[in-house]
Amino acid sequence: MSLLEVNHIDVHYGDFLALKDVSIHVEPGTIVSLIGANGAGKSTIMNTICGLNKPTKGDIIFDGQNIAGKKPNQIARLGLSMAPEGSHCFERMTVQDNLLMGAYLAKKDERMQRLENVYKLFPILKEKANQMSTFLSGGQRQMLAIGRGIMTQPKILLCDEISLGLAPVVINDIYEKLKEIADTGLTMLIVEQDVNRSLKSSDYAYVVLEGKIVMQGKSKELSVDEVNDAYFGINTFSH
Ligand SMILES: Nc1ncnc2c1ncn2[C@@H]1O[C@H](COP(=O)(O)OP(=O)(O)OP(=O)(O)O)[C@@H](O)[C@H]1O
Ligand SMILES: [Mg+2]
């Protein structure tokens, strides 16, 4: 059984139909990637899964329960965590307090254990533990957002636009860490605009174009050229 099943959802913003009959399956222990141009609907998909948007059609089954229409905090409590686009953090709190916020429901020993795990993964966050998070660089913020997601010890971690505005060397570093996290068995749904990187770092990929899924498959079986065509809406069957 899939850990997460998005079944034929439509999402509207007012009269605008932003998602059209979108279906996505995420198997446990895999990394699934959403690829698509600006405005394609990737964040809308992520936000709908975590309860910020309500679908007007279809359902979303997470770990056996229909979560479509539930509130974000109810969905989070079921074990779904999201590191949002632009890596929002609490600017006026220290790095460590930001991380601890992710595990506020856990007992003290357990929180400290999870904190150590995050510091092992991102040693730079340990170095900056007592600094205000507003002083972090873009890459460090992204690490903080991922770290805070892990602190909730979710069944699935959603990451929107991991590489937004980051230098290639920093992006590589973060993807290395994601691989390490995946090796612990954590399931992930990620948004990545770079086709090569997306296919290299995931097990399964979906291409989103104008609110629809236009291509999908095992990442190592998809062709970069065909995914690029689908990304730009070039009909590969017309020539
Ligand atoms: N709150 C909103 N109200 C109205 N329209 C919205 C809202 N959020 C997104 N949209 C529209 O929905 C469409 C999909 O937007 P979305 O943010 O999901 O795209 P995206 O694939 O995440 O793009 P990007 O790569 O730029 O982050 C766009 O046309 C956008 O203008
Ligand atoms: Mg987006």
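The views show a predicted model, in which local features need pLDDT of at least 70 and side-chain atom pairs count only at pLDDT 80 or more, while totals for chains, interfaces and linings use all residues. Residues are numbered from 1 along each chain as its sequence is written, chains are lettered from A and ligands numbered from 1 in the order in which they are written, and side-chain values use heavy atoms, with hydrogens and water left out.

**View 1. Side-chain atoms beside ligand 1.** A polar side-chain atom of asparagine 38 lies 2.9 Å from an oxygen atom of ligand 1, and an N or O atom in the side chain of glutamate 161 is 3.3 Å from an oxygen atom of ligand 1. Taken alone, ligand 1 exposes 640 Å², of which the protein buries 60% (accessible areas come from the Shrake-Rupley method with a 1.4 Å probe).

**View 2. Helix H1 and the glycine that follows.** Helix H1, residues 42-49, is mostly covered, since six of its eight residues are buried (buried means under 20% relative accessible area, exposed over 50%, and partly exposed in between, with a 1.4 Å probe and protein chains only). The buried residues of H1 are Lys42, Thr44, Ile45, Met46, Thr48 and Ile49. Just after H1, glycine 51 takes a positive phi of about 95°.

**View 3. The largest pocket.** About 860 Å³ of space lies in the largest pocket (on a 1 Å grid over the protein atoms alone, a pocket is an open set of points where a 1.4 Å probe fits, with protein on both sides within 12 Å along at least five of seven lines, and lining residues have an atom within 4 Å of a point; a volume is the space filled by probe spheres set on the points, which are joined across faces, edges and corners). The lining has 30 residues, of which Ala76, Leu80, Ser81, Tyr104 and Thr152 lie nearest the centre of the pocket. Helix H2 (72-77), strand S6 (80-83) and helix H6 (138-151) are the elements that give two or more residues to this lining, and the largest share, five residues, comes from H2.

View 4. Most residues other than glycine have a negative phi. Histidine 8, in strand S1 (residues 4-13), has a positive phi of about 50° and is partly exposed, with a relative accessible area of 44%. Aspartate 63, in the loop between strand S4 (57-62) and strand S5 (65-66), has a positive phi of about 50° and is partly exposed, with a relative accessible area of 38%.

Definitions and conventions
Helix = DSSP H or I, 4+ residues; strand = E, 2+ residues; numbered from the N terminus. Polar contact = N/O pair within 3.5 Å; in protein donor to acceptor, adjacent residues only side chain to side chain.
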